[in-house]
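I opened a notebook for this structure and wrote down each thing as I looked it up. The entries follow the order of looking.

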Amino acid sequence: MPAILEIPEVRSRVSPLTVQDYHRLSEHNENGRRTELIRGIIIEKMPKSPLHRTIVQRLYDQIQSALPTGYIAWQEAPLSLADSEPEPDISIVKGKESDFAAAHPCSAELVIEVAVSSAALDRENVSLYAEAGVKEYWIVLGSERKVEIYRNPAGSVYQEKILLEQSDTLECISVPAVRFRLAEVFVV
(Lines give C-alpha, C1' and ligand atoms only; values in the text may rest on other atoms or scores of the structure.)
Protein backbone atom coordinates (compact mmCIF):
# COMPACT_ATOMS: atom_id res chain seq x y z
CA MET A 1 0.00 0.00 0.00
CA PRO A 2 2.72 2.62 0.74
CA ALA A 3 4.01 2.38 -2.86
CA ILE A 4 0.60 3.40 -4.15
CA LEU A 5 0.96 6.70 -2.26
CA GLU A 6 4.08 7.46 -4.29
CA ILE A 7 2.01 7.72 -7.49
CA PRO A 8 1.23 11.45 -7.93
CA GLU A 9 -2.23 10.79 -9.41
CA VAL A 10 -3.19 8.65 -6.41
CA ARG A 11 -1.55 10.90 -3.84
CA SER A 12 -3.56 13.89 -5.12
CA ARG A 13 -6.79 11.93 -4.56
CA VAL A 14 -6.07 10.89 -0.96
CA SER A 15 -8.63 12.45 1.32
CA PRO A 16 -6.70 13.76 4.30
CA LEU A 17 -8.26 13.98 7.74
CA THR A 18 -8.05 16.95 10.06
CA VAL A 19 -7.00 16.47 13.66
CA GLN A 20 -10.64 17.17 14.65
CA ASP A 21 -11.91 14.44 12.27
CA TYR A 22 -9.32 12.05 13.69
CA HIS A 23 -10.58 12.73 17.23
CA ARG A 24 -14.01 11.51 16.18
CA LEU A 25 -12.66 8.10 15.22
CA SER A 26 -12.28 5.18 17.60
CA GLU A 27 -8.90 4.71 19.30
CA HIS A 28 -8.62 1.39 17.46
CA ASN A 29 -9.66 0.66 13.89
CA GLU A 30 -12.08 -2.14 13.07
CA ASN A 31 -9.26 -4.71 13.34
CA GLY A 32 -8.22 -3.47 16.78
CA ARG A 33 -5.02 -1.89 15.45
CA ARG A 34 -3.64 1.31 16.95
CA THR A 35 -3.08 4.27 14.64
CA GLU A 36 -1.79 7.82 14.58
CA LEU A 37 -2.44 10.74 12.26
CA ILE A 38 0.59 11.97 10.30
CA ARG A 39 0.14 14.77 7.76
CA GLY A 40 -3.58 14.01 7.44
CA ILE A 41 -3.01 10.30 6.79
CA ILE A 42 -3.88 7.56 9.27
CA ILE A 43 -0.87 5.31 9.81
CA GLU A 44 -0.95 2.06 11.69
CA LYS A 45 1.47 2.00 14.61
CA MET A 46 4.21 -0.61 14.47
CA PRO A 47 4.40 -3.38 17.07
CA LYS A 48 7.07 -2.89 19.73
CA SER A 49 10.03 -5.26 19.89
CA PRO A 50 11.54 -6.23 23.26
CA LEU A 51 14.58 -4.04 22.46
CA HIS A 52 12.32 -1.07 21.67
CA ARG A 53 10.33 -1.52 24.88
CA THR A 54 13.52 -1.84 26.96
CA ILE A 55 15.15 1.28 25.51
CA VAL A 56 11.97 3.35 25.91
CA GLN A 57 11.61 2.28 29.54
CA ARG A 58 15.25 3.04 30.33
CA LEU A 59 15.00 6.47 28.70
CA TYR A 60 11.77 7.23 30.53
CA ASP A 61 13.24 6.17 33.88
CA GLN A 62 16.35 8.33 33.34
CA ILE A 63 14.24 11.34 32.34
CA GLN A 64 11.65 10.89 35.07
CA SER A 65 14.31 10.76 37.79
CA ALA A 66 15.89 14.02 36.58
CA LEU A 67 12.79 15.97 35.54
CA PRO A 68 12.39 19.27 37.41
CA THR A 69 9.09 20.64 38.71
CA GLY A 70 7.00 22.25 36.00
CA TYR A 71 7.58 19.57 33.36
CA ILE A 72 5.79 16.31 32.55
CA ALA A 73 7.18 13.25 30.78
CA TRP A 74 4.64 11.26 28.74
CA GLN A 75 4.93 7.84 27.09
CA GLU A 76 3.07 7.30 23.82
CA ALA A 77 0.80 10.26 24.49
CA PRO A 78 -0.64 12.32 21.63
CA LEU A 79 0.58 15.73 20.57
CA SER A 80 -2.09 17.65 18.63
CA LEU A 81 -0.27 19.44 15.82
CA ALA A 82 -1.55 21.38 12.80
CA ASP A 83 -2.27 18.36 10.56
CA SER A 84 -1.05 15.48 12.69
CA GLU A 85 -1.48 13.73 15.99
CA PRO A 86 1.63 11.62 16.54
CA GLU A 87 2.16 9.57 19.69
CA PRO A 88 5.91 9.75 20.26
CA ASP A 89 7.58 7.17 22.46
CA ILE A 90 8.43 9.93 24.98
CA SER A 91 7.68 13.62 25.14
CA ILE A 92 8.47 16.26 27.73
CA VAL A 93 6.09 19.18 27.99
CA LYS A 94 5.95 22.25 30.21
CA GLY A 95 3.12 22.35 32.70
CA LYS A 96 1.28 20.00 34.99
CA GLU A 97 -1.11 17.14 34.23
CA SER A 98 -4.20 19.21 34.93
CA ASP A 99 -3.15 21.62 32.15
CA PHE A 100 -3.86 18.83 29.65
CA ALA A 101 -7.09 17.36 31.04
CA ALA A 102 -9.17 18.87 28.21
CA ALA A 103 -6.68 18.98 25.32
CA HIS A 104 -3.44 17.33 24.27
CA PRO A 105 -0.26 19.41 24.22
CA CYS A 106 0.43 21.09 20.88
CA SER A 107 4.22 21.22 21.24
CA ALA A 108 6.96 19.89 23.51
CA GLU A 109 10.35 20.71 24.88
CA LEU A 110 11.62 17.30 23.78
CA VAL A 111 10.24 14.46 21.65
CA ILE A 112 11.97 11.08 21.54
CA GLU A 113 11.34 8.26 19.08
CA VAL A 114 13.10 4.91 19.38
CA ALA A 115 13.84 3.28 16.04
CA VAL A 116 14.90 -0.36 16.17
CA SER A 117 14.02 -1.71 12.73
CA SER A 118 13.45 1.40 10.61
CA ALA A 119 14.04 5.09 11.21
CA ALA A 120 12.46 6.26 7.93
CA LEU A 121 9.16 7.56 9.39
CA ASP A 122 10.94 9.05 12.40
CA ARG A 123 13.26 10.98 10.08
CA GLU A 124 10.31 12.02 7.93
CA ASN A 125 8.73 13.51 11.07
CA VAL A 126 11.67 15.89 11.60
CA SER A 127 9.86 18.63 9.66
CA LEU A 128 6.58 17.90 11.47
CA TYR A 129 8.15 18.49 14.89
CA ALA A 130 10.16 21.51 13.72
CA GLU A 131 6.97 23.15 12.40
CA ALA A 132 5.29 22.53 15.77
CA GLY A 133 8.12 24.30 17.60
CA VAL A 134 9.37 21.18 19.39
CA LYS A 135 12.67 22.44 20.77
CA GLU A 136 14.51 19.13 20.51
CA TYR A 137 13.83 15.88 18.70
CA TRP A 138 15.84 12.74 19.41
CA ILE A 139 15.79 9.60 17.27
CA VAL A 140 17.32 6.76 19.24
CA LEU A 141 18.78 4.20 16.84
CA GLY A 142 18.52 1.11 19.02
CA SER A 143 20.40 -1.41 16.90
CA GLU A 144 23.18 1.07 16.09
CA ARG A 145 23.44 2.34 19.68
CA LYS A 146 23.40 5.96 18.49
CA VAL A 147 21.13 8.98 18.84
CA GLU A 148 20.34 11.63 16.23
CA ILE A 149 19.61 14.95 17.93
CA TYR A 150 17.78 17.78 16.17
CA ARG A 151 17.74 21.26 17.78
CA ASN A 152 16.83 24.88 17.07
CA PRO A 153 13.68 24.63 14.94
CA ALA A 154 13.14 27.27 12.27
CA GLY A 155 10.10 26.79 10.06
CA SER A 156 10.09 23.16 8.95
CA VAL A 157 13.78 22.43 9.62
CA TYR A 158 16.11 22.13 12.56
CA GLN A 159 19.21 24.27 12.35
CA GLU A 160 21.37 21.76 14.24
CA LYS A 161 21.79 18.00 13.85
CA ILE A 162 24.16 15.98 16.04
CA LEU A 163 24.92 12.27 16.07
CA LEU A 164 25.89 10.83 19.45
CA GLU A 165 27.66 7.53 20.04
CA GLN A 166 27.13 5.11 22.92
CA SER A 167 30.04 6.64 24.89
CA ASP A 168 28.55 10.18 24.77
CA THR A 169 26.31 12.00 27.24
CA LEU A 170 22.75 12.90 26.28
CA GLU A 171 21.71 16.35 27.41
CA CYS A 172 18.48 18.14 26.70
CA ILE A 173 19.31 21.82 26.14
CA SER A 174 15.72 22.95 26.72
CA VAL A 175 15.47 20.97 30.01
CA PRO A 176 19.11 20.94 31.24
CA ALA A 177 18.35 18.70 34.24
CA VAL A 178 17.76 15.88 31.74
CA ARG A 179 21.32 14.66 31.33
CA PHE A 180 22.72 11.11 31.41
CA ARG A 181 25.22 8.84 29.72
CA LEU A 182 23.92 7.12 26.62
CA ALA A 183 25.61 3.89 27.70
CA GLU A 184 23.05 3.61 30.52
CA VAL A 185 20.29 3.30 27.92
CA PHE A 186 22.00 0.61 25.86
CA VAL A 187 23.09 -1.69 28.71
CA VAL A 188 22.17 -5.21 27.69
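Entry one, a hairpin. I began with E6 and E7, which form a hairpin with four residues between them. In the turn, Arg145 has a positive phi of about 60 degrees. Helices (H or I, at least four residues) and strands (E, at least two) are DSSP runs, numbered from the N terminus. E6 covers 136–141 and E7 covers 146–154. The two strands pair in the antiparallel sense over six bridges; two strands count as paired if DSSP finds at least two bridges between them. I noted Val140, which stands opposite Val147 in E7.

Entry two, the ground rules. I am reading a predicted model, in which local features need pLDDT of at least 70, side-chain atom pairs count only at pLDDT 80 or more, and totals for chains, interfaces and linings use all residues. Residues are numbered from 1 along each chain as its sequence is written, and side-chain values use heavy atoms, with hydrogens and water left out.

pLDDT is the predictor's confidence in each residue, from 0 to 100. The mean for the protein is 88, and 89% of its residues reach 70 or more.

Val147 has Leu164 as its bridge partner in E8. The hairpin of E7 and E8 has two residues between the strands, and Gly155 takes a positive phi near 65 degrees there.

Strands E1 (35–38) and E2 (residues 41–44) run antiparallel and are joined by four bridges. Thr35 stands opposite Glu44 in E2. Two residues lie between E1 and E2 in their hairpin, and Arg39 in the turn has a positive phi of about 55 degrees.

Entry six, the aromatic rings. I found three aromatic pairs in the structure. Rings of Phe, Tyr and Trp (its six-membered ring) pair if their centres lie within 6.5 Å; planes under 30 degrees apart count as stacked, over 60 as edge-to-face and the rest as tilted. Why is the pair of Tyr129 and Tyr137 called tilted? Their ring planes are at 55 degrees, so the pair is tilted, with the centres 4.7 Å apart. The rings of Tyr150 and Tyr158 have centres 6.1 Å apart and planes at 55 degrees, so this pair is tilted. Tyr129, Tyr137, Tyr150 and Tyr158 form one aromatic cluster.

Buried means under 20% relative accessible area, exposed over 50%, and partly exposed in between (1.4 Å probe, protein chains only). Tyr129 and Tyr137 are both buried. Tyr150 is buried with a relative accessible area of 8%, and Tyr158 counts as buried at 10%. In the protein, 39% of the 188 residues count as buried.

A nonpolar core is a set of buried Ala, Val, Leu, Ile, Met, Phe, Trp, Tyr and Cys residues joined through side-chain atoms within 4.5 Å. The largest has 25 residues, and Leu59, Ile63, Trp138 and Leu170 have the most contacts inside it. H3 (50–66), E4 (90–94), E5 (110–115), E6 and E7 each supply at least two of its residues. The largest share, five residues, comes from H3. Apart from this core lies another, of 19 residues, among them Ile72, Ala119, Leu141 and Tyr150.

A contact means heavy atoms within 4.5 Å. Not counting residues up to four places away in sequence, Leu59 touches residues including Ile90, Val140 and Phe180. Is Ser91 buried or exposed? Ser91, in strand E4, counts as buried at 1% relative accessibility. Leu25 is found in the loop between H2 (19–23) and E1, and counts as partly exposed at 42%. Leaving out residues up to four places away in sequence, Leu25 touches Leu17 and Ile42.
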